[in-house]
Every structure is written in C-alpha cells, then in structure tokens.
Amino acid sequence: MDFRFGHTSLRVYDLKKSLDFYVGALGMKETRRKDYPGDFCLVFLKDAADKCELELTYNYDPKKPYEIGNGFAHLGFYVKDLEAAHKELKEKGYKVTEFSGLGGNKSSFFFVTDPDGYDIEIIREK
C-alpha cells in the first residue's frame with residue numbers, strides 16, 4: 001500500500017480564536033469548510049508549502065473547553081484503493097470500522113485504531 005499523510009484533526013472550543021491563531025499567527029490558509037449546521041463545522045487549513053493540512057473540528061455549543069488529550073480527534077491518511085487498504089488492515093488484525101462517508105457519500109473513509117488506541121482515518125484519495 002502507498003499511504004500518504006493526509007491531515008491532523010483537532011477539536012476546538014472557540015473556532016474564531018483558533019482561526020485567529022492558525023491563520024493570523026501561524027500563517028496557515030483556510031482551504032475549505034464543511035458546515036453541518038447544528039452539529040459541527042470542519043475547517044481545513046494548509047501550511048505555506050501546501051503540504052501539511054490541519055482540520056479544525058468545531059462542535060456547536062460545546063459546554064466547556066476540551067482537556068488536553070481529549071481534544072485530539074484523529075490523524076488522517078489518504079490511499080488510492082480504500083477497499084484494499086481496509087481488507088489488508090483487517091487481515092493484519094487491526095480494529096477497523098465499516099466504511100463511512102459524509103454528505104451522502106457512504107464509502108469515502110474508515111477508521112483504524114493504532115496500538116495505543118488512537119483513531120486513524122483512512123480516506124479515499126480523489
């Protein structure tokens with residue numbers, strides 16, 4: 001399998017403050033946004049070299065700030081053959097979820113759990 005690192009996702013308590021920091025202070029640029037009103041909003045940022053992508057996940061109406069540790073969501077990796085990757089990881093004994101998707105696309109990604117319990121999102125490369 002030829003995996004390419006995709007993104008890091010962080011849950012944020014205050015989206016405006018987070019964007020002020022990542023865009024204003026660190027010079028990242030917003031590349032796209034996916035809003036699911038009443039549920040959550042995903043904001044994707046890239047670095048100046050256009051290589052590193054950060055996904056900020058804002059859950060609407062959070063009750064309190066995230067604690068360090070539970071604010072981490074997942075790492076994302078892109079792969080061309082999603083089905084083959086799913087099969088291979090499952091055969092190797094890793095815990096994998098069923099295929100999933102957003103916005104009507106039912107098979108665009110799945111998650112695999114690493115040995116320490118971190119979720120890794122495997123995404124179909126477009």
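Is R32 buried, partly exposed or exposed? At a relative accessibility of 32%, R32 counts as partly exposed, where buried means under 20% relative accessible area, exposed means over 50% and partly exposed lies in between, with a 1.4 Å probe and protein chains only. The structure is a predicted model, in which local features need pLDDT of at least 70 and side-chain atom pairs count only at pLDDT 80 or more, while totals for chains, interfaces and linings use all residues. Residues are numbered from 1 along each chain as its sequence is written, and side-chain values use heavy atoms, with hydrogens and water left out.

The chain holds 2 helices and 7 strands, these being DSSP runs numbered from the N terminus (helices: H or I, at least four residues; strands: E, at least two). Along the sequence their order is β-α-β-β-β-β-α-β-β. The radius of gyration, taken over C-alpha atoms, is compared with a globule rule of 2.2 Å times the number of residues to the power 0.38. For 126 residues a compact globule would have a value near 14 Å, and the 15 Å of the chain agrees with this. Along the principal axes, the C-alpha atoms fill a box of roughly 45 × 35 × 30 Å.

Of the 126 residues, 33% count as buried. Contact means heavy atoms within 4.5 Å. Among contacts between residues at least 6 apart in sequence, 50% join residues at least 24 apart. The chain carries 20 positive and 22 negative charges, whose mean positions are 2 Å apart. In this count Lys and Arg are positive and Asp and Glu negative, with His and the chain ends not counted; each charge is placed at NZ of Lys, CZ of Arg, CG of Asp or CD of Glu.

Strand 2 (residues 29–36) contains E30 and also R32. R32 touches L42, V43, F44, E53 and Y78, leaving out residues up to four places away in sequence. The side chains of R32 and E53 form a polar contact of 2.8 Å. A polar contact is a pair of N or O atoms within 3.5 Å; within protein, one must be able to donate a hydrogen and the other to accept it, and residues adjacent in sequence count only if both atoms are side-chain atoms. Between the C-alpha atoms of R32 and K92, 60 residues apart in sequence, the distance is 35 Å.

E30 is likewise partly exposed, at 38% relative accessibility. Apart from neighbours within four places in sequence, E30 is in contact with L19, V43, F44 and L45. A polar contact of 2.9 Å links the side chain of E30 to that of R33.

H74, in strand 5 (residues 72–79), is buried, with a relative accessible area of 8%. The side chain of H74 makes a polar contact of 2.8 Å with the side chain of E121. Beyond residues up to four places away in sequence, H74 touches H7, T8, S9, E55, F111, D119 and E121.

Two aspartates in loops have positive phi values. D50 has a phi of about 65° and is located in the loop between strand 3 (40–46) and strand 4 (53–59). D61, in the loop between strand 4 and strand 5, has a phi near 55°. Most residues other than glycine have a negative phi. D50 is partly exposed at 39% relative accessibility, whereas D61 is exposed, with a relative accessible area of 60%.

T97 occupies the loop between helix 2 (82–91) and strand 6 (109–113) and is partly exposed at 35% relative accessibility. Residues up to four places away in sequence aside, T97 touches H86, F110 and F111. The C-alpha atoms of T97 and F109, 12 residues apart along the chain, are separated by 9.3 Å. D20, in helix 1 (residues 15–25), is partly exposed with a relative accessible area of 43%. D20 and K64 are 44 residues apart in sequence, and their C-alpha atoms are 20 Å apart.
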